[in-house]
Structures are given as C-alpha cells and as structure tokens.
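Please read them with the structure open beside you.

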Amino acid sequence: RSLEETESKEIKPGILGFLRYKEIKEDDILDLIEELRVELLEDDVSLEVTDKILDDLRKELVGKKISRKENLEDLVKNSLKKSLREILSKNYSNIDIFQISKDKKPFVIVFFGVNGVGKTTTIAKFAYLLKKNGLSVIIAASDTFRAAAQEQLAYHASKLEVPLVRGKYGGDPASVAFDAIQSAKSRNIDVVLIDTAGRMHTDKDLTEELRRVVRIAKPNMKILVLDSLAGNDALAQAEYFEKNIGYDAVILTKVDADAKGGVALSLAYKLGKPVIFVGMGQDYDSLIKFNPDWFADRLVS
Ligand code: GDP
C-alpha cells in the first residue's frame with residue numbers, strides 16, 4: 001500500500017504537468033504574427049522595424065511553456081512591450097538640456113522643420129520650459145519669408161514675456177540670428193532659440209539659407225522638429241536634413257493626436273539621433289521629455 005502511495009506521488013506531477021502546461025509552437029502564433037504585421041504596417045511602422053518586432057516576438061514566444069492559467073494575451077503584450085522598449089531605447093539620450101544650457105552662455109539652439117510640423121509652437125513651448133527651469137531666453141524669428149511665422153512668434157513671445165528679434169520681410173535670416181546672439185551677450189541671456197524657414201524641404205535656396213544660418217550662428221545644438229502624423233514622410237524629412245544640414249536631436253510633435261505611434265518607432269530605430277521631447281498638445285506645458293518605457297506602454301495598452 002505504501003508502495004502504491006509512493007508510485008502515485010511520483011507519477012502525479014508528471015501527469016498534471018502534461019495537463020497544466022503547453023509549449024507554444026511556431027504554428028500556434030502564425031495567425032497572430034500575420035495580424036500584427038498588418039496592424040503595424042497600417043500604423044506607419046516601417047517594414048524593417050515591423051520585421052524586427054515580429055522576429056523579437058517569435059523568439060520570445062516559441063518554445064515557451066505556458067500554464068493553462070496564464071493568459072496568452074498578457075504574454076504577447078509583455079513580449080511586445082519588451083521589443084518596443086528596446087527599439088525606442090536604441091538611440092535614447094538622457095541629456096539634461098537645462099543643465100547643458102547652463103554650462104555655456106549664451107547656449108544657442110537652432111530649430112529646423114518643414115512648415116506645418118509644429119516648429120513655431122514647439123519653440124514657444126521650449127521657451128516656456130527654459131523659463132520654468134530658471135533660464136532666460138531670447139527668440140530669433142529667422143523665418144523672414146513667412147510673415148505668419150513672425151506674427152505667431154511675436155504673439156508667443158509677448159505671452160511668455162520673452163524678448164524677440166525680428167527681421168524685415170525678405171531680410172537675411174542669418175543676420176536676425178546674429179543680432180539675437182549679440183543681444184543675448186549684451187543682456188546676459190542664457191539661451192537663444194532660433195526659428196528657421198521650412199518651406200518645401202526640396203528647395204535648394206532653403207538648404208543654402210539654413211546652412212548660412214548655421215555658419216553664422218554656430219549653434220551649440222541643432223534640433224529637428226518632426227510631425228508624428230506625417231507617416232513615412234517624417235523619415236524622409238529627417239534624411240534630407242541629415243544629408244544637407246545635419247542635426248543633433250529630434251522633437252516629435254502631435255504625439256497626443258497620434259494613436260498609432262509608428263513614426264516614433266521608425267525614427268527611434270532608423271535615425272541614429274535621439275528623440276528628446278514629444279509634443280503632447282497645444283498648451284505651453286505640453287512638451288514632455290521623451291521616455292522609451294512610457295512610450296512603449298502607451299502603444300501597447
Ligand atoms: P510650423 O509651421 O511648423 O511653425 O507649425 P505651427 O507651430 O504653426 O503648428 C502647426 C499646427 O500644429 C498648429 O495648429 C499647432 O497648434 C499644432 N501643434 C503643434 N504642436 C502640437 C502638438 O504637440 N499637439 C497637437 N495636437 N497639435 C500641435
């Protein structure tokens with residue numbers, strides 16, 4: 001009798017193990033992978049990044065033993081989050097722009113971006129953040145081509161109580177930048193924010209104009225503003241600016257209006273430059289420091 005008991009004790013876990021656990025096979029997740037592929041591509045995630053995500057998922061799931069109590073959906077979610085976090089962290093930089101700005105005076109930042117991406121709004125938000133961090137700011141309205149851009153900056157500058165240097169319509173953008181830097185020096189201002197023109201990114205004159213602004217202003221940092229809603233166009237814009245002018249970091253706007261987030265994934269993976277802030281709305285305080293974990297969790301909720 002005691003022998004029977006021993007035997008049953010030894011056999012039981014094996015039998016129950018067979019009942020309780022299931023190993024995930026490639027076949028089990030084929031449909032899931034295909035559905036996810038369609039979803040990712042529809043969300044503007046580039047082909048390369050989509051393949052990477054699905055590959056990560058396959059590696060993470062196939063061969064894994066799951067108990068019947070475990071939820072496959074949770075497992076997929078967590079694996080997906082892990083992959084997205086890794087992609088979004090690829091060129092992540094945790095620079096403290098407010099600290100860096102204190103080290104060199106005046107700290108000069110030039111903003112680039114195609115019209116409509118949210119560049120002017122972003123400069124205003126940036127000025128607001130700098131002021132909140134105890135830094136003084138001056139803005140150079142170096143898009144002398146677009147009257148609306150000058151007006152818009154004048155509106156923000158007066159609301160934020162930040163000085164603004166404007167140019168004559170059609171005037172030299174580089175000399176507006178130069179004047180603002182001179183003014184910062186004489187008034188002991190910490191940071192100069194330079195707006196630039198963004199008409200058609202294929203415009204040859206524009207390329208020359210922006211290069212000239214960079215030559216004259218000698219910025220400590222060049223920030224490219226990209227629109228999260230622009231799809232794969234955002235990637236093309238980044239490539240243009242990298243090839244023709246060069247930049248150090250990206251601010252991605254309108255993330256609040258983009259449920260998909262595919263552009264962020266493609267940019268983070270492909271550019272080799274960090275996304276440092278994201279625009280999350282129209283208010284001045286809606287410029288948020290980019291955080292890969294937060295972003296990944298937001299995409300897979
Ligand atoms: P610019 O032509 O690049 O200077 O673009 P603007 O700064 O004029 O912005 C274009 C539009 O995008 C405006 O209506 C802004 O209010 C809007 N915008 C800018 N940033 C954001 C953002 O982070 N979220 C949302 N929802 N709208 C934004």
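**Notes on the predicted model**

1. I begin at the surface, with K218, which is exposed, its relative accessible area being 62%. K218 sits in the loop that runs between α9 (204–217) and β7, and its phi is positive, at about 45°, although the residue is not a glycine.

2. D44 is not a glycine either, yet its phi is positive and near 70°.

3. The peptide bond that joins K105 and P106 is cis, with omega at about -10°. P106 belongs to the loop between α5 (97–103) and β3, and P106 is also one of the residues in contact with I181.

4. Turning to the sheet, eight strands form an open arrangement in the order β5-β4-β6-β3-β7-β8-β9-β10, with mixed pairing. The edges are formed by β5 (164–165) and β10 (287–289), each of which pairs on one side only. Helix α8 (residues 173–187) packs on this sheet, where it touches β3, β4 (137–141), β5 and β6, and the direction of α8 makes about 165° with that of β4.

5. Two pairings within the sheet can be described in detail. Strand β3 (residues 107–112) pairs with strand β6 (residues 191–195) in the parallel sense, over four bridges, and I109 stands opposite L193 of β6. The pairing of β8 with β9 is also described as parallel, over three bridges, and there V250 has V275 in β9 as its bridge partner.

6. When neighbours within four places in sequence are left aside, the contacts of I181 are P106, V108, V192, I194 and A217. As for distance, I181 and D297 are separated by 116 residues in sequence and by 41 Å in space, taken from C-alpha to C-alpha.

7. T253 is found in strand β8 (residues 249–253), and T253 is buried, with a relative accessible area of 5%. Residues up to four places away in sequence not being counted, T253 touches V117, G118, T122, V225, L226, D227, S228 and G279.

8. Why can strand β9 (residues 275–279) be called largely enclosed by the rest of the structure? The reason is that five of its five residues are buried, where buried means a relative accessible area under 20%.

9. The buried residues are G262, V263, A264, L265, S266, L267, A268 and Y269, and they pack against α3 (47–61), α4 (72–89), β7 (221–227), α10 (232–244), β8 and α12 (292–299). After α11 comes G272, a glycine whose phi is positive and near 75°.

10. Finally, I looked at how helix α6 (residues 119–132) and helix α7 (residues 147–160) meet: their axes come within 10 Å and cross at roughly 20°. That angle makes α6 roughly parallel to α7, because angles under 35 degrees count as roughly parallel. The crossing of the two helices, α6 and α7, is right-handed. On the α6 side the contact is made by T120, T121, I123, A124, A127, Y128 and K131, and on the α7 side by A149, Q152, L153, H156 and L160. Sorted by class, the residues in this contact of α6 with α7 are seven nonpolar, four polar and one charged.

Conventions
Residues are numbered from 1 along each chain as its sequence is written. This is a predicted model: local features need pLDDT of at least 70, side-chain atom pairs count only at pLDDT 80 or more; totals for chains, interfaces and linings use all residues. Side-chain values use heavy atoms; hydrogens and water are left out. Buried means under 20% relative accessible area, exposed over 50%, partly exposed in between (1.4 Å probe, protein chains only). Contact means heavy atoms within 4.5 Å. Two strands pair if DSSP finds at least two bridges between them. Axes are lines fitted to C-alpha atoms, for helices over the stretch in contact, and angles run from 0 to 180 degrees between N-to-C directions. Angles under 35 degrees count as roughly parallel, over 145 as roughly antiparallel, 65 to 115 as roughly perpendicular and the rest as oblique. A crossing is left-handed if the near helix is turned anticlockwise from the far one by less than a right angle, and right-handed if clockwise. Ala, Val, Leu, Ile, Met, Phe, Trp, Tyr, Cys and Pro count as nonpolar, Asp, Glu, Lys and Arg as charged, and the others, Gly among them, as polar.
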